[in-house]
Amino acid sequence: MGGGSIPNADLGFPYFTAIDTLFTQGIELPDDSETGSLPSIIPRLVKFISEKILLRFETPQFVNRDKFAWFRDAEFARQTLAGVNPCVIKLVTEWPLKSNLDPAVYGPAESAITTELIEQEIGGFTTVDEALKEKKFFVLDYHDVFLPFVNKVRELKGRTLYGSRTLFYLTPDDTLRPLAIELTRPPIDGKPQWKQVFKPTWDATGVWLWRLAKSHVLAHDSGYHQLVSHWLRTHCVTEPYVIATNRQLSAMHPIYRLLHPHLRYTMEINALARQSLISANGVIESSFSPSKYSVELSAAAYDQLWKFNLEALPADLINRGMAVEDPTAPHGLKLTIEDYPYASDGLLLWDAIKQWVTDYVAYYYQESCIVRSDNELQAWWKEIRTVGHGDKKDEPWWPELKTPDDLIGILTTIIWVASGHHAAVNFGQFDFGAYFPNRPTIARTKMPTEEPKEEERKQFLKNPVEFLLNCFPSQIQAVIVMATIDVLSTHSPDEEYIGEQIQPYWADNKVINAAFERFNEQLKEIEGIIDARNADTNLSNRSGAGVVPYELLKPFSEPGVTGTGIPNSVSI
(Lines give C-alpha, C1' and ligand atoms only; values in the text may rest on other atoms or scores of the structure.)
Protein backbone atom coordinates (compact mmCIF):
# COMPACT_ATOMS: atom_id res chain seq x y z
CA MET A 1 0.00 0.00 0.00
CA GLY A 2 2.95 2.33 0.67
CA GLY A 3 3.07 5.19 -1.81
CA GLY A 4 -0.03 3.80 -3.57
CA SER A 5 -3.35 5.47 -4.06
CA ILE A 6 -6.41 5.20 -1.83
CA PRO A 7 -7.88 1.73 -2.46
CA ASN A 8 -11.44 0.48 -2.90
CA ALA A 9 -13.71 0.75 0.11
CA ASP A 10 -13.63 -2.88 1.26
CA LEU A 11 -9.96 -3.73 0.84
CA GLY A 12 -8.21 -4.54 4.10
CA PHE A 13 -4.53 -4.41 4.94
CA PRO A 14 -2.67 -7.43 3.52
CA TYR A 15 -0.07 -7.51 6.31
CA PHE A 16 0.96 -5.52 9.37
CA THR A 17 3.91 -3.85 7.65
CA ALA A 18 1.39 -2.27 5.25
CA ILE A 19 -0.07 -0.43 8.26
CA ASP A 20 3.41 0.89 9.05
CA THR A 21 3.65 2.54 5.63
CA LEU A 22 0.89 4.96 6.64
CA PHE A 23 3.56 6.55 8.87
CA THR A 24 6.66 5.99 6.75
CA GLN A 25 5.69 6.33 3.07
CA GLY A 26 2.12 7.61 3.03
CA ILE A 27 -0.72 7.29 0.54
CA GLU A 28 -0.95 9.14 -2.74
CA LEU A 29 -4.02 11.36 -2.91
CA PRO A 30 -5.89 12.32 -6.07
CA ASP A 31 -5.06 15.69 -7.63
CA ASP A 32 -6.26 18.97 -6.11
CA SER A 33 -9.56 19.05 -7.98
CA GLU A 34 -10.57 15.73 -6.42
CA THR A 35 -8.91 16.23 -3.05
CA GLY A 36 -10.66 19.53 -2.45
CA SER A 37 -9.70 21.23 0.81
CA LEU A 38 -8.01 18.23 2.42
CA PRO A 39 -4.48 19.74 2.27
CA SER A 40 -5.74 22.90 3.98
CA ILE A 41 -7.59 20.92 6.67
CA ILE A 42 -4.67 18.67 7.64
CA PRO A 43 -1.59 20.48 6.26
CA ARG A 44 0.86 18.80 8.61
CA LEU A 45 -0.06 15.39 7.14
CA VAL A 46 -0.04 16.30 3.46
CA LYS A 47 3.33 16.28 1.69
CA PHE A 48 4.00 17.53 -1.82
CA ILE A 49 6.71 15.33 -3.33
CA SER A 50 7.63 15.32 -7.02
CA GLU A 51 4.24 16.66 -8.04
CA LYS A 52 2.51 13.96 -5.95
CA ILE A 53 0.25 14.74 -3.01
CA LEU A 54 0.98 12.28 -0.22
CA LEU A 55 -1.01 11.79 2.96
CA ARG A 56 1.52 10.66 5.52
CA PHE A 57 0.73 10.42 9.23
CA GLU A 58 3.01 11.41 12.07
CA THR A 59 4.02 8.43 14.17
CA PRO A 60 1.98 8.56 17.40
CA GLN A 61 3.68 8.60 20.79
CA PHE A 62 2.14 5.20 21.57
CA VAL A 63 4.04 3.55 18.69
CA ASN A 64 7.27 5.44 19.31
CA ARG A 65 7.39 4.20 22.88
CA ASP A 66 6.32 0.57 22.36
CA LYS A 67 5.06 -0.51 18.96
CA PHE A 68 3.91 -3.88 20.32
CA ALA A 69 2.13 -2.61 23.43
CA TRP A 70 -1.25 -3.19 21.75
CA PHE A 71 -0.57 -6.94 21.83
CA ARG A 72 -0.25 -7.05 25.60
CA ASP A 73 -3.15 -7.79 27.95
CA ALA A 74 -1.58 -5.47 30.51
CA GLU A 75 -1.87 -2.51 28.12
CA PHE A 76 -5.40 -3.51 27.08
CA ALA A 77 -6.36 -3.34 30.77
CA ARG A 78 -4.31 -0.23 31.59
CA GLN A 79 -6.08 1.84 28.97
CA THR A 80 -9.44 1.32 30.72
CA LEU A 81 -7.96 3.50 33.50
CA ALA A 82 -5.50 5.73 31.63
CA GLY A 83 -6.49 5.66 27.98
CA VAL A 84 -8.83 7.78 25.92
CA ASN A 85 -12.04 6.25 27.34
CA PRO A 86 -11.37 5.88 31.08
CA CYS A 87 -14.88 6.76 32.27
CA VAL A 88 -16.75 3.49 31.59
CA ILE A 89 -15.11 0.75 33.66
CA LYS A 90 -17.03 -0.06 36.83
CA LEU A 91 -16.89 -2.21 39.94
CA VAL A 92 -18.71 -5.55 39.88
CA THR A 93 -21.12 -5.56 42.83
CA GLU A 94 -23.49 -8.42 41.86
CA TRP A 95 -22.75 -11.98 40.77
CA PRO A 96 -23.44 -13.58 38.40
CA LEU A 97 -23.42 -10.82 35.80
CA LYS A 98 -26.90 -10.36 34.32
CA SER A 99 -28.57 -8.43 31.52
CA ASN A 100 -31.50 -6.11 32.13
CA LEU A 101 -32.88 -6.72 28.63
CA ASP A 102 -36.02 -8.75 27.94
CA PRO A 103 -34.99 -12.43 27.74
CA ALA A 104 -37.99 -13.16 25.52
CA VAL A 105 -36.39 -10.94 22.88
CA TYR A 106 -32.66 -11.19 23.54
CA GLY A 107 -32.25 -14.62 25.08
CA PRO A 108 -31.13 -15.75 28.55
CA ALA A 109 -30.06 -12.85 30.76
CA GLU A 110 -27.41 -14.58 32.84
CA SER A 111 -23.80 -14.26 31.71
CA ALA A 112 -21.84 -17.30 30.58
CA ILE A 113 -18.93 -16.04 32.73
CA THR A 114 -19.44 -18.54 35.54
CA THR A 115 -17.97 -18.91 39.00
CA GLU A 116 -16.25 -22.14 37.95
CA LEU A 117 -14.65 -20.53 34.91
CA ILE A 118 -13.33 -17.54 36.88
CA GLU A 119 -12.02 -19.63 39.76
CA GLN A 120 -9.92 -21.53 37.23
CA GLU A 121 -8.26 -18.18 36.51
CA ILE A 122 -7.88 -16.90 40.08
CA GLY A 123 -7.56 -20.24 41.87
CA GLY A 124 -4.86 -20.13 44.50
CA PHE A 125 -5.33 -16.38 44.98
CA THR A 126 -8.92 -16.08 46.13
CA THR A 127 -12.49 -17.17 45.47
CA VAL A 128 -15.20 -15.31 43.58
CA ASP A 129 -17.05 -14.54 46.82
CA GLU A 130 -13.92 -13.16 48.47
CA ALA A 131 -12.98 -11.13 45.39
CA LEU A 132 -16.43 -9.54 45.33
CA LYS A 133 -16.21 -8.61 49.01
CA GLU A 134 -12.70 -7.20 48.53
CA LYS A 135 -13.75 -5.17 45.46
CA LYS A 136 -11.41 -6.99 43.09
CA PHE A 137 -13.68 -7.49 40.05
CA PHE A 138 -14.26 -4.77 37.44
CA VAL A 139 -16.17 -4.91 34.19
CA LEU A 140 -16.23 -3.14 30.85
CA ASP A 141 -19.87 -3.75 30.01
CA TYR A 142 -21.07 -3.21 26.45
CA HIS A 143 -23.72 -5.92 26.59
CA ASP A 144 -27.06 -4.19 27.05
CA VAL A 145 -26.16 -1.01 25.15
CA PHE A 146 -25.08 -2.83 21.97
CA LEU A 147 -27.23 -5.99 21.92
CA PRO A 148 -30.42 -4.27 20.64
CA PHE A 149 -28.46 -3.14 17.56
CA VAL A 150 -26.66 -6.39 16.73
CA ASN A 151 -29.14 -7.89 14.29
CA LYS A 152 -29.73 -4.59 12.50
CA VAL A 153 -26.01 -3.93 12.06
CA ARG A 154 -25.45 -7.48 10.78
CA GLU A 155 -27.82 -6.81 7.88
CA LEU A 156 -25.28 -4.31 6.52
CA LYS A 157 -22.46 -5.29 4.20
CA GLY A 158 -19.04 -5.64 5.79
CA ARG A 159 -20.35 -5.25 9.34
CA THR A 160 -20.83 -7.42 12.37
CA LEU A 161 -21.56 -6.70 16.03
CA TYR A 162 -21.90 -8.38 19.42
CA GLY A 163 -22.79 -7.36 22.92
CA SER A 164 -19.75 -7.78 25.15
CA ARG A 165 -18.60 -8.01 28.74
CA THR A 166 -14.94 -7.94 29.76
CA LEU A 167 -14.09 -8.96 33.32
CA PHE A 168 -10.91 -7.76 35.06
CA TYR A 169 -9.24 -8.67 38.35
CA LEU A 170 -7.42 -6.07 40.48
CA THR A 171 -3.90 -7.30 41.29
CA PRO A 172 -1.96 -6.34 44.43
CA ASP A 173 0.04 -3.73 42.48
CA ASP A 174 -3.19 -1.89 41.51
CA THR A 175 -3.12 -3.03 37.89
CA LEU A 176 -5.97 -4.85 36.17
CA ARG A 177 -5.68 -8.35 34.75
CA PRO A 178 -8.19 -9.41 32.08
CA LEU A 179 -9.91 -12.66 33.06
CA ALA A 180 -12.59 -13.22 30.43
CA ILE A 181 -14.43 -11.72 27.48
CA GLU A 182 -18.01 -12.73 26.72
CA LEU A 183 -19.42 -12.03 23.25
CA THR A 184 -23.17 -12.37 22.71
CA ARG A 185 -25.41 -12.44 19.65
CA PRO A 186 -29.18 -12.34 20.26
CA PRO A 187 -31.58 -14.78 18.59
CA ILE A 188 -31.58 -14.29 14.81
CA ASP A 189 -33.28 -15.95 11.84
CA GLY A 190 -34.87 -18.60 14.03
CA LYS A 191 -31.56 -19.44 15.71
CA PRO A 192 -31.22 -19.11 19.51
CA GLN A 193 -28.95 -16.71 21.34
CA TRP A 194 -25.24 -17.40 20.79
CA LYS A 195 -22.63 -16.47 23.34
CA GLN A 196 -19.15 -17.62 24.18
CA VAL A 197 -16.54 -16.80 26.79
CA PHE A 198 -12.92 -16.33 25.74
CA LYS A 199 -9.98 -16.40 28.17
CA PRO A 200 -6.25 -15.75 28.07
CA THR A 201 -4.80 -19.13 27.24
CA TRP A 202 -1.59 -20.96 26.39
CA ASP A 203 -2.48 -22.87 23.22
CA ALA A 204 -2.08 -21.29 19.78
CA THR A 205 -5.74 -21.42 18.75
CA GLY A 206 -6.91 -20.05 22.09
CA VAL A 207 -4.36 -17.22 21.94
CA TRP A 208 -5.68 -16.08 18.56
CA LEU A 209 -9.32 -16.38 19.62
CA TRP A 210 -8.49 -14.20 22.60
CA ARG A 211 -6.83 -11.61 20.34
CA LEU A 212 -9.86 -11.56 18.06
CA ALA A 213 -12.22 -11.22 21.03
CA LYS A 214 -10.17 -8.27 22.29
CA SER A 215 -10.45 -6.62 18.88
CA HIS A 216 -14.24 -6.89 19.03
CA VAL A 217 -14.29 -5.38 22.53
CA LEU A 218 -12.00 -2.56 21.42
CA ALA A 219 -14.30 -1.82 18.49
CA HIS A 220 -17.18 -1.62 20.99
CA ASP A 221 -15.12 0.64 23.23
CA SER A 222 -14.18 2.89 20.29
CA GLY A 223 -17.81 3.24 19.22
CA TYR A 224 -19.07 3.88 22.74
CA HIS A 225 -16.23 6.34 23.36
CA GLN A 226 -16.98 8.38 20.27
CA LEU A 227 -20.79 8.31 20.52
CA VAL A 228 -21.35 8.45 24.27
CA SER A 229 -18.28 9.42 26.32
CA HIS A 230 -17.29 12.06 23.76
CA TRP A 231 -20.16 13.25 21.53
CA LEU A 232 -23.09 12.75 23.93
CA ARG A 233 -21.55 13.57 27.30
CA THR A 234 -19.64 16.69 26.16
CA HIS A 235 -20.59 18.13 22.75
CA CYS A 236 -24.26 17.25 22.72
CA VAL A 237 -25.45 17.93 26.27
CA THR A 238 -23.56 21.23 26.40
CA GLU A 239 -25.73 22.78 23.69
CA PRO A 240 -28.65 23.50 26.08
CA TYR A 241 -26.19 25.27 28.42
CA VAL A 242 -24.95 27.44 25.52
CA ILE A 243 -28.45 28.31 24.29
CA ALA A 244 -29.95 29.00 27.73
CA THR A 245 -26.96 31.11 28.78
CA ASN A 246 -27.30 33.31 25.70
CA ARG A 247 -31.09 33.41 25.77
CA GLN A 248 -31.77 33.95 29.48
CA LEU A 249 -28.71 35.75 30.90
CA SER A 250 -27.73 39.25 29.90
CA ALA A 251 -24.14 39.78 28.79
CA MET A 252 -23.50 41.68 32.03
CA HIS A 253 -24.88 38.94 34.27
CA PRO A 254 -22.12 37.50 36.50
CA ILE A 255 -22.99 33.90 35.63
CA TYR A 256 -22.98 34.71 31.91
CA ARG A 257 -19.52 36.15 32.34
CA LEU A 258 -18.32 33.12 34.30
CA LEU A 259 -19.66 30.61 31.73
CA HIS A 260 -18.91 32.52 28.53
CA PRO A 261 -15.31 31.25 28.11
CA HIS A 262 -16.52 27.67 28.63
CA LEU A 263 -19.08 27.85 25.81
CA ARG A 264 -16.69 29.18 23.14
CA TYR A 265 -17.02 27.61 19.65
CA THR A 266 -19.17 24.71 20.90
CA MET A 267 -22.16 25.41 18.64
CA GLU A 268 -19.84 25.98 15.68
CA ILE A 269 -17.90 22.74 16.14
CA ASN A 270 -21.13 20.79 16.68
CA ALA A 271 -22.55 22.17 13.43
CA LEU A 272 -19.43 20.95 11.62
CA ALA A 273 -19.75 17.56 13.32
CA ARG A 274 -23.32 17.23 12.07
CA GLN A 275 -22.15 17.98 8.54
CA SER A 276 -19.36 15.40 8.29
CA LEU A 277 -18.81 13.31 11.41
CA ILE A 278 -22.19 12.11 12.67
CA SER A 279 -24.09 12.76 9.46
CA ALA A 280 -25.61 10.02 7.30
CA ASN A 281 -22.71 8.16 5.65
CA GLY A 282 -20.28 10.43 7.51
CA VAL A 283 -17.07 9.39 9.24
CA ILE A 284 -18.76 7.70 12.20
CA GLU A 285 -21.38 5.78 10.21
CA SER A 286 -18.86 4.62 7.61
CA SER A 287 -16.06 3.59 9.94
CA PHE A 288 -17.44 2.67 13.39
CA SER A 289 -19.20 -0.52 14.48
CA PRO A 290 -22.76 0.82 15.03
CA SER A 291 -22.72 2.11 11.42
CA LYS A 292 -25.94 3.86 10.36
CA TYR A 293 -27.43 3.24 13.80
CA SER A 294 -24.72 5.33 15.51
CA VAL A 295 -26.84 8.35 16.42
CA GLU A 296 -29.70 6.05 17.40
CA LEU A 297 -27.33 4.29 19.82
CA SER A 298 -26.19 7.65 21.21
CA ALA A 299 -29.83 8.69 21.73
CA ALA A 300 -30.60 5.40 23.47
CA ALA A 301 -27.64 5.93 25.81
CA TYR A 302 -28.91 9.45 26.59
CA ASP A 303 -32.35 8.06 27.37
CA GLN A 304 -31.14 5.21 29.56
CA LEU A 305 -27.92 6.48 31.13
CA TRP A 306 -27.51 10.27 31.17
CA LYS A 307 -28.23 12.14 34.41
CA PHE A 308 -26.99 15.65 35.09
CA ASN A 309 -26.15 14.91 38.71
CA LEU A 310 -23.87 12.03 37.66
CA GLU A 311 -21.86 14.23 35.28
CA ALA A 312 -20.05 15.65 38.29
CA LEU A 313 -16.79 13.70 38.50
CA PRO A 314 -17.08 12.65 42.18
CA ALA A 315 -20.67 11.46 41.65
CA ASP A 316 -19.68 9.58 38.47
CA LEU A 317 -16.87 7.76 40.29
CA ILE A 318 -19.15 6.82 43.18
CA ASN A 319 -21.89 5.67 40.81
CA ARG A 320 -19.48 3.33 39.01
CA GLY A 321 -18.14 1.98 42.29
CA MET A 322 -14.73 3.48 41.55
CA ALA A 323 -14.79 5.58 44.74
CA VAL A 324 -16.59 5.91 48.06
CA GLU A 325 -17.14 9.01 50.16
CA ASP A 326 -14.48 9.40 52.84
CA PRO A 327 -14.14 12.74 54.66
CA THR A 328 -10.60 11.81 55.75
CA ALA A 329 -9.34 11.18 52.20
CA PRO A 330 -8.11 13.77 49.69
CA HIS A 331 -11.06 15.32 47.81
CA GLY A 332 -13.40 13.56 50.27
CA LEU A 333 -13.20 10.34 48.24
CA LYS A 334 -11.33 7.08 48.57
CA LEU A 335 -10.62 5.54 45.18
CA THR A 336 -11.33 1.82 44.78
CA ILE A 337 -8.25 1.64 42.52
CA GLU A 338 -5.74 4.11 43.95
CA ASP A 339 -3.67 4.18 40.74
CA TYR A 340 -6.51 5.38 38.51
CA PRO A 341 -4.92 8.25 36.56
CA TYR A 342 -8.11 9.73 35.08
CA ALA A 343 -9.75 9.85 38.51
CA SER A 344 -6.78 10.97 40.59
CA ASP A 345 -5.79 13.76 38.17
CA GLY A 346 -9.41 14.63 37.43
CA LEU A 347 -10.19 15.17 41.09
CA LEU A 348 -7.32 17.67 41.34
CA LEU A 349 -8.88 19.64 38.50
CA TRP A 350 -12.42 19.23 39.88
CA ASP A 351 -11.39 20.69 43.23
CA ALA A 352 -9.59 23.61 41.57
CA ILE A 353 -12.63 24.43 39.42
CA LYS A 354 -14.95 24.11 42.41
CA GLN A 355 -12.80 26.46 44.53
CA TRP A 356 -12.72 29.08 41.76
CA VAL A 357 -16.49 28.82 41.29
CA THR A 358 -17.02 28.98 45.08
CA ASP A 359 -14.96 32.17 45.36
CA TYR A 360 -16.79 33.70 42.41
CA VAL A 361 -20.30 32.79 43.56
CA ALA A 362 -19.56 33.97 47.12
CA TYR A 363 -18.80 37.45 45.79
CA TYR A 364 -22.12 37.84 43.97
CA TYR A 365 -24.48 35.59 45.95
CA GLN A 366 -23.82 35.92 49.66
CA GLU A 367 -27.25 34.60 50.68
CA SER A 368 -29.78 32.11 49.37
CA CYS A 369 -32.43 34.78 48.92
CA ILE A 370 -30.27 36.42 46.21
CA VAL A 371 -30.14 33.13 44.28
CA ARG A 372 -33.89 32.58 44.59
CA SER A 373 -34.78 36.15 43.58
CA ASP A 374 -32.47 36.31 40.52
CA ASN A 375 -35.09 35.94 37.81
CA GLU A 376 -32.59 35.60 34.96
CA LEU A 377 -30.71 32.86 36.82
CA GLN A 378 -33.89 30.95 37.65
CA ALA A 379 -35.11 31.21 34.04
CA TRP A 380 -31.71 29.97 32.84
CA TRP A 381 -31.84 26.84 35.00
CA LYS A 382 -35.49 26.21 34.15
CA GLU A 383 -34.77 26.36 30.41
CA ILE A 384 -31.82 23.94 30.71
CA ARG A 385 -33.99 21.41 32.56
CA THR A 386 -37.36 21.76 30.86
CA VAL A 387 -36.50 22.85 27.31
CA GLY A 388 -32.89 21.95 26.57
CA HIS A 389 -33.24 18.58 28.28
CA GLY A 390 -37.00 18.47 27.91
CA ASP A 391 -37.15 14.67 27.60
CA LYS A 392 -35.90 14.51 31.17
CA LYS A 393 -37.65 17.54 32.63
CA ASP A 394 -39.56 15.52 35.24
CA GLU A 395 -36.64 13.44 36.50
CA PRO A 396 -36.13 13.62 40.28
CA TRP A 397 -32.35 13.85 40.08
CA TRP A 398 -32.16 17.43 38.78
CA PRO A 399 -30.49 19.65 41.41
CA GLU A 400 -32.55 22.46 42.87
CA LEU A 401 -31.33 26.02 42.52
CA LYS A 402 -32.14 27.67 45.83
CA THR A 403 -28.81 28.28 47.55
CA PRO A 404 -25.27 29.42 46.68
CA ASP A 405 -24.12 25.81 47.22
CA ASP A 406 -26.69 24.60 44.67
CA LEU A 407 -25.35 27.12 42.17
CA ILE A 408 -21.73 26.16 42.87
CA GLY A 409 -22.49 22.49 42.23
CA ILE A 410 -24.34 23.17 38.96
CA LEU A 411 -21.67 25.53 37.60
CA THR A 412 -18.77 23.27 38.60
CA THR A 413 -20.39 20.37 36.77
CA ILE A 414 -20.99 22.39 33.60
CA ILE A 415 -17.43 23.74 33.57
CA TRP A 416 -15.93 20.28 34.30
CA VAL A 417 -17.84 18.70 31.41
CA ALA A 418 -16.78 21.42 28.95
CA SER A 419 -13.15 21.41 30.04
CA GLY A 420 -11.77 18.43 31.96
CA HIS A 421 -14.08 15.67 30.79
CA HIS A 422 -13.84 16.74 27.16
CA ALA A 423 -10.05 17.03 27.27
CA ALA A 424 -9.75 13.56 28.82
CA VAL A 425 -11.76 11.85 26.07
CA ASN A 426 -10.64 13.97 23.12
CA PHE A 427 -6.98 14.96 23.00
CA GLY A 428 -5.55 11.46 23.36
CA GLN A 429 -7.38 10.13 20.32
CA PHE A 430 -4.46 10.33 17.92
CA ASP A 431 -1.86 8.97 20.35
CA PHE A 432 -3.98 5.93 21.26
CA GLY A 433 -5.99 5.45 18.06
CA ALA A 434 -3.80 6.37 15.11
CA TYR A 435 -2.13 2.94 15.19
CA PHE A 436 -5.54 1.36 14.85
CA PRO A 437 -4.69 -2.23 15.94
CA ASN A 438 -4.62 -0.67 19.41
CA ARG A 439 -8.14 0.77 18.99
CA PRO A 440 -9.92 -0.59 15.90
CA THR A 441 -13.10 1.36 15.29
CA ILE A 442 -14.93 -1.50 13.63
CA ALA A 443 -14.93 -5.31 13.53
CA ARG A 444 -15.89 -6.50 10.04
CA THR A 445 -16.00 -10.28 10.55
CA LYS A 446 -17.61 -12.46 13.18
CA MET A 447 -15.70 -14.79 15.47
CA PRO A 448 -14.58 -18.00 13.75
CA THR A 449 -16.32 -20.02 16.49
CA GLU A 450 -19.79 -18.56 15.84
CA GLU A 451 -21.47 -21.22 13.70
CA PRO A 452 -18.47 -21.32 11.36
CA LYS A 453 -18.51 -22.56 7.82
CA GLU A 454 -15.84 -25.12 7.12
CA GLU A 455 -13.98 -22.71 4.84
CA GLU A 456 -13.94 -20.00 7.53
CA ARG A 457 -12.65 -22.43 10.12
CA LYS A 458 -9.87 -23.60 7.80
CA GLN A 459 -8.90 -20.04 6.91
CA PHE A 460 -8.62 -19.07 10.58
CA LEU A 461 -6.52 -22.11 11.49
CA LYS A 462 -4.27 -21.73 8.45
CA ASN A 463 -3.63 -17.98 8.72
CA PRO A 464 -4.96 -16.29 11.89
CA VAL A 465 -2.97 -13.12 11.13
CA GLU A 466 -4.88 -12.66 7.89
CA PHE A 467 -8.14 -13.40 9.73
CA LEU A 468 -7.39 -10.63 12.24
CA LEU A 469 -6.41 -8.16 9.49
CA ASN A 470 -9.70 -8.86 7.72
CA CYS A 471 -11.55 -8.14 10.95
CA PHE A 472 -9.80 -4.77 11.30
CA PRO A 473 -11.03 -1.63 9.49
CA SER A 474 -10.51 -1.51 5.73
CA GLN A 475 -7.72 0.67 4.37
CA ILE A 476 -10.06 3.53 3.51
CA GLN A 477 -11.88 3.30 6.87
CA ALA A 478 -8.57 3.41 8.73
CA VAL A 479 -7.25 6.39 6.77
CA ILE A 480 -10.48 8.39 7.20
CA VAL A 481 -10.51 7.80 10.95
CA MET A 482 -6.79 8.53 11.33
CA ALA A 483 -7.12 11.84 9.49
CA THR A 484 -10.19 12.73 11.57
CA ILE A 485 -8.66 11.99 14.95
CA ASP A 486 -5.52 13.87 13.97
CA VAL A 487 -7.67 16.98 13.49
CA LEU A 488 -9.67 16.34 16.67
CA SER A 489 -6.50 15.86 18.75
CA THR A 490 -4.92 19.12 17.57
CA HIS A 491 -4.81 22.27 19.69
CA SER A 492 -5.24 25.38 17.56
CA PRO A 493 -2.76 28.27 17.96
CA ASP A 494 -5.54 30.49 19.37
CA GLU A 495 -6.73 27.92 21.94
CA GLU A 496 -7.79 29.32 25.32
CA TYR A 497 -6.82 27.04 28.20
CA ILE A 498 -8.57 26.77 31.53
CA GLY A 499 -7.40 29.30 34.08
CA GLU A 500 -4.70 30.71 31.80
CA GLN A 501 -5.95 34.25 31.04
CA ILE A 502 -8.43 36.29 33.05
CA GLN A 503 -11.34 37.72 31.08
CA PRO A 504 -11.04 41.49 30.43
CA TYR A 505 -14.38 42.30 32.06
CA TRP A 506 -12.92 41.30 35.46
CA ALA A 507 -9.82 43.46 35.03
CA ASP A 508 -10.87 46.13 37.54
CA ASN A 509 -12.40 43.79 40.15
CA LYS A 510 -9.73 43.13 42.75
CA VAL A 511 -11.67 40.35 44.51
CA ILE A 512 -12.31 38.36 41.31
CA ASN A 513 -8.75 39.04 40.13
CA ALA A 514 -7.35 37.61 43.32
CA ALA A 515 -9.60 34.53 43.09
CA PHE A 516 -8.56 33.93 39.48
CA GLU A 517 -4.88 34.26 40.36
CA ARG A 518 -5.35 31.58 43.03
CA PHE A 519 -7.06 29.38 40.41
CA ASN A 520 -4.19 29.91 37.97
CA GLU A 521 -1.58 29.07 40.60
CA GLN A 522 -3.50 25.95 41.59
CA LEU A 523 -3.53 24.77 37.97
CA LYS A 524 0.23 25.31 37.70
CA GLU A 525 0.66 23.21 40.85
CA ILE A 526 -1.49 20.48 39.28
CA GLU A 527 0.90 20.36 36.30
CA GLY A 528 3.78 19.66 38.69
CA ILE A 529 1.82 17.05 40.64
CA ILE A 530 0.94 15.18 37.43
CA ASP A 531 4.58 15.27 36.28
CA ALA A 532 5.64 13.83 39.64
CA ARG A 533 3.03 11.10 39.45
CA ASN A 534 4.17 10.13 35.96
CA ALA A 535 7.73 9.85 37.26
CA ASP A 536 6.67 7.58 40.16
CA THR A 537 7.70 4.04 39.22
CA ASN A 538 5.30 2.65 41.82
CA LEU A 539 2.34 3.85 39.73
CA SER A 540 2.27 1.15 37.06
CA ASN A 541 -0.81 2.50 35.29
CA ARG A 542 1.03 5.68 34.30
CA SER A 543 4.71 4.76 34.20
CA GLY A 544 6.92 1.87 33.16
CA ALA A 545 8.82 0.57 30.15
CA GLY A 546 7.23 1.96 27.00
CA VAL A 547 4.17 3.31 28.85
CA VAL A 548 2.63 6.56 27.59
CA PRO A 549 2.47 8.86 30.65
CA TYR A 550 -0.99 10.14 31.56
CA GLU A 551 -0.92 13.85 30.69
CA LEU A 552 -4.40 14.44 29.28
CA LEU A 553 -5.45 16.44 32.36
CA LYS A 554 -2.40 18.70 32.46
CA PRO A 555 -4.01 22.13 32.08
CA PHE A 556 -1.75 23.85 29.55
CA SER A 557 -0.29 22.98 26.15
CA GLU A 558 1.51 24.22 23.07
CA PRO A 559 -0.38 24.13 19.73
CA GLY A 560 -0.58 20.84 17.82
CA VAL A 561 -1.05 17.21 18.79
CA THR A 562 0.48 17.16 22.27
CA GLY A 563 -1.64 14.79 24.38
CA THR A 564 -1.89 17.49 27.05
CA GLY A 565 -3.86 20.68 27.66
CA ILE A 566 -7.40 21.49 28.80
CA PRO A 567 -9.20 24.11 26.72
CA ASN A 568 -11.87 26.16 28.45
CA SER A 569 -14.55 24.77 26.19
CA VAL A 570 -15.63 22.05 23.76
CA SER A 571 -13.95 23.87 20.88
CA ILE A 572 -12.83 21.00 18.62
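Tutor: A salt bridge is a side-chain nitrogen of Lys or Arg within 4 Å of a carboxyl oxygen of Asp or Glu. This is a predicted model: local features need pLDDT of at least 70 and side-chain atom pairs count only at pLDDT 80 or more, while totals for chains, interfaces and linings use all residues. Residues are numbered from 1 along each chain as its sequence is written, and side-chain values use heavy atoms, with hydrogens and water left out.

Student: How many salt bridges are found in the whole structure?

Tutor: The search finds 31.

Student: What about arginine 185 and glutamate 450?

Tutor: Their side chains meet in a salt bridge, at 3.0 Å from N to O. Arginine 185 lies in strand S7 (residues 176–185) and glutamate 450 in the loop between helix H20 (429–433) and helix H21 (454–462), so the pair ties together parts 265 residues apart in sequence. Helices (H or I, at least four residues) and strands (E, at least two) are DSSP runs, numbered from the N terminus.

Student: Is arginine 185 buried or exposed?

Tutor: Arginine 185 counts as buried because its relative accessibility is 1%. Buried means under 20% relative accessible area, exposed over 50%, and partly exposed in between (1.4 Å probe, protein chains only). Glutamate 450 is buried too, at 2%.

Student: Which residues are joined into one network?

Tutor: Arg154, Arg185, Lys191, Glu450 and Glu451, through salt bridges that share partners.
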